[in-house]
Amino acid sequence: MKRKLLVAAIASALVLPLIATTAMAQQTGQTAPAKAKKEKVQKLKKIVVTGSLIPQAQIETASPTITLTAGDIQRQGFSSVYQALRAQPLATGAVQGSQTTAGFTTGASTISLLGLDPSFTLYLIDGKPMADFPLLYNGQSNFVDISNIPMGMIDHIDIVPGNQSSIYGSSAIAGVINIILKQRAEGVTLDYRAGGFSDGGGNSQRLQLSGGYNTDRLNLVYGLQYSSQQPMWGFQRSLTKSSNSNPNPNGRYSPRNYLVLRYGQGYVDPTTLNGPKPCSAISNQYGGTLGYQNRPGSGYYCGSKQSGGFSTLINKSDVGSGYLHANYRLNSNTQFYGMALYTVSSKTFYAGPFYNWWAPDNGNYIVNANTGTFDYIQTTFAPEEAGGLAAGATHQITRAYSVFGGVRGNLGNSNWAYDAYYARSDNKVYSAQRHALTAKVNAFFESQFLGPQLGTYYGYQVYAPDYSKFYQNFTAADYKSFTGAIHNRSESYTQSVNLQVTNTNLFELPAGPVGFAGVLQAGNSFWSQPTDPRVIAGDFWGMTGTSGAGKRDNYAVATEFRVPIFSQLTADLSARYDKYKNIGGSSDNDATYKIGLEYRPSDTLLFRANYSTAFRAPSLGYAFIGPSGYYSSTTDYYRCELLFPNTPIDQCRYSSVQYKGTQLGNPKLKSITAKSWGAGVVWSPNQKFDLKADFYSIRIANEVTYQSVSLLMKQEAACLLGQLPSTSATCQAALSQVQRGSATGPIPYNLLGITVHPMNVSNEAVRGIVSSANYRWNWGKYGDFSAGLRYNVTIQHTYQQYAGDPTIRLLHTPYYSSEFKTILTGSMSWQLGNWTTTLYGIRYGKTPNYAAQTSLHGYAATNGGAVKPWILYNGSVQYNVTDNAKVSLFVNNMFNAMPPRDKTWTGWPYYNNQNYNVFGRSYWLEFNVRFGGGS
């Protein structure tokens with residue numbers, strides 16, 4: 001109840017002062033708009049805003065822009081760019097991150113703007129594109145990592161939703177996020193922050209040094225930042241510590257850390273293999289929690305209920321950054337400028353024992369010569385055996401930089417201005433991980449308990465195992481002897497040369513001057529993600545990799561006009577033509593445009609609308625990915641129909657069969673295209689209050705997706721059963737992409753592998769409303785106050801994978817999406833003398849529960865439904881010790897709110913870790929001192 005009152009208080013803070021201001025104005029015979037008009041005392045300097053190339057005085061344009069200043073980010077408690085952007089109401093989509101420890105990009109962070117693919121958002125630094133992270137998101141497509149951008153160098157961040165390709169080119173479908181770095185500073189500022197989490201783990205500290213040097217010609221800004229983050233482990237949080245957190249009491253059994261399974265008979269009781277106390281010799285594992293366990297309906301084994309918690313939730317990281325920005329004025333018409341940002345990060349994360357384990361013959365059955373049975377054996381590698389918590393962790397080093405430099409100025413005394421520059425952004429990732437080597441780990445366990453291989457039987461390896469020696473520890477030296485380090489080096493970059501000309505008064509119309517901008521651009525982008533050759537060769541046990549490399553050249557020409565139609569109506573028209581060529585592949589071209597209208601019936605009111613088109617050149621990952629493996633499961637329709645012809649599919653033994661998949665790129669992919677439109681209103685009756693509301697609608701066509709494995713399996717079954725001609729193109733493709741074993745042997749027609757390719761086939765659409773309100777007021781001796789609200793509601797989000805498929809309503813079909821429909825943020829600040837305090841709240845709306853997400857019936861499924869909203873509060877207090885020194889205290893997630901309870905999420909970690917986190921309450925103490933440069 002108290003939390004609801006806090007939200008109500010923030011809302012009241014916005015409304016009540018406005019009513020009071022309006023009432024006072026009425027008593028004096030004035031209206032609020034008239035007062036605002038009276039306060040207008042000077043002509044504003046023209047600047048370039050995100051979403052346009054033409055300098056202008058109006059900050060609010062035809063496209064809505066959300067601006068986060070460095071002060072906003074700090075006061076609201078965010079310690080990173082990722083945290084600040086992830087908390088924005090427009091970031092509605094579920095994304096992978098540090099909690100997705102078994103993912104492809106655990107060492108990177110990104111957001112999903114409007115619930116769309118992360119690659120549909122264009123990220124800029126000072127208006128220049130950032131390079132993609134060289135590892136592929138979900139092993140498929142390129143995206144931008146925002147985890148290493150130094151907070152100490154940021155001036156502000158602009159977020160512009162909707163299509164922006166006519167200004168910026170490829171990728172600007174969901175919108176643009178422009179990170180503006182500091183371009184002027186006085187004196188030297190030293191800042192130190194340290195803190196941690198109240199439930200333990202994740203301690204961090206950050207040191208920043210920044211400053212500036214200014215003369216009448218030269219302006220320099222420089223900065224250094226170092227941050228260190230300790231890891232947070234699953235066992236440090238009650239929800240992820242143990243399988244006892246399973247909301248289903250009948251599912252609170254442990255993982256099967258030591259298991260012997262006999263085909264057709266089930267689990268083999270360890271007491272029949274190793275005496276009455278079979279797990280005693282290994283009971284030290286996982287902090288002394290491993291013991292004799294029972295899985296009802298299956299049998300007995302050795303396991304630890306806490307072993308799942310031995311994986312990282314927050315990465316261990318050390319990040320260092322350096323920044324330099326310079327402007328040199330040669331004369332009144334010419335200026336040289338440049339920027340360099342360089343970051344090095346080292347991150348360590350561990351997926352846990354579920355991904356650090358062994359079974360004979362790459363997870364296949366063996367033939368037990370002692371019993372004449374097919375046995376399956378598995379064991380996990382405990383930290384006590386491997387040599388510590390991080391013995392099997394991935395170590396990742398990233399070196400990233402963004403640089404640009406050029407010359408700009410005016411042509412004589414004319415209105416013509418030019419800007420010629422070169423820009424490059426590069427991201428290199430080096431990773432190393434210890435993993436079991438197939439030959440060595442097999443040899444080790446043969447010497448430990450399997451004995452020598454006695455041959456094969458229908459392809460299955462034959463052994464005479466001594467299971468009494470299976471249940472024993474090995475040493476860290478043993479672990480090192482049968483593992484090796486997987487080394488990968490990946491890189492991506494984007495670079496371009498640009499010439500831009502502008503004229504804010506190209507010619508005069510009755511309503512005012514016409515503005516113009518033109519752009520010529522040439523550049524290229526590159527991606528390389530080679531996989532350790534030993535992984536490709538199968539030297540590492542059960543390991544697959546993602547690999548590929550490609551390069552693309554691109555050329556573009558763009559133009560923009562800002563036209564005052566009459567005194568109250570202004571149009572902004574832009575168009576761009578892009579041509580790109582994949583080296584060794586196809587080429588494509590795209591023309592995009594945008595029409596924006598701004599109608600100002602008064603100085604305090606703006607109505608705006610825009611219509612635009614956009615494109616996304618196919619991800620280099622989709623186009624050039626090499627043979628890259630993954631593991632998944634599917635329904636084997638052929639074997640179900642062949643061996644169980646009268647059994648419903650969902651009851652067939654082969655309704656869920658594990659397979660090894662292979663992804664291959666498609667260099668002939670075409671561009672993803674989009675159209676968007678929006679309309680909104682901005683009302684600012686005085687300098688203290690503003691209210692905004694904007695509708696957005698985006699429709700995407702030719703979206704890239706990998707072939708449907710389910711559809712491929714259905715086509716293959718129809719071909720093998722004679723329902724489709726085997727000579728047809730469909731059958732030729734399906735039969736070549738699905739690999740099977742022979743018809744003889746204990747498992748006939750065993751599914752061995754499936755190969756899939758990406759295609760331009762899907763359509764997607766999203767519509768919603770984003771709104772905000774801000775109010776600032778002074779209450780005399782009680783100080784200055786400010787309050788703000790931001791809100792986004794997704795009205796509709798649809799997806800169609802293949803032409804002819806039914807259109808899926810994602811907000812109503814949780815099997816395909818767990819995005820947030822609504823996100824509300826609110827803030828309230830109070831400044832009194834040397835004290836400033838801020839309360840910031842985030843309300844994430846309901847999302848589907850696990851039962852709804854995992855069933856095609858969605859919310860109508862048994863126990864299907866939604867989890868409650870998640871509400872977080874951040875608080876900060878700042879005290880100015882002197883004019884040049886201050887100390888601040890930050891407390892995030894003040895009430896230590898855990899993810900909303902989901903009684904149907906019966907698998908570890910027992911919550912949706914792509915929407916929520918279990919980090920809990922955190923706190924930081926920060927000291928800031930400034931030397932020189934005035935107060």
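**Disulfide links in a predicted model**

The link of C640 and C652 is left-handed, with -100 degrees about the S-S bond, where a disulfide is a pair of cysteine sulfur atoms within 2.5 Å. C640 lies in helix α15 (residues 637-643) and C652 in the loop between α15 and β33 (657-663), so this pair ties together parts that are 12 residues apart in sequence; helices (H or I, at least four residues) and strands (E, at least two) are DSSP runs numbered from the N terminus. This is a predicted model, in which local features need pLDDT of at least 70 and side-chain atom pairs count only at pLDDT 80 or more, while totals for chains, interfaces and linings use all residues. Residues are numbered from 1 along each chain as its sequence is written, and side-chain values use heavy atoms, with hydrogens and water left out.

**Count and pairing**
- The count by the distance rule comes to 3 disulfides.
- With the bonded cysteines of the protein chain numbered in sequence order, the pairing reads 1-2, 3-4, 5-6.

**Geometry**
- The sulfur atoms of C640 and C652 are 2.1 Å apart.
- C279 and C302 form a disulfide with their sulfur atoms 1.9 Å apart, and this link is left-handed, with -85 degrees about the S-S bond.
- C719 is joined to C731 at an S to S distance of 2.0 Å, and the torsion about their S-S bond is about -95 degrees, so the disulfide is left-handed.

**Burial**
- C640 counts as buried at 2% relative accessibility, and C652 counts as buried at 4%, where buried means under 20% relative accessible area, exposed over 50%, and partly exposed in between (1.4 Å probe, protein chains only).
- Both C279 and C302 are buried, and C719 and C731 are buried as well.
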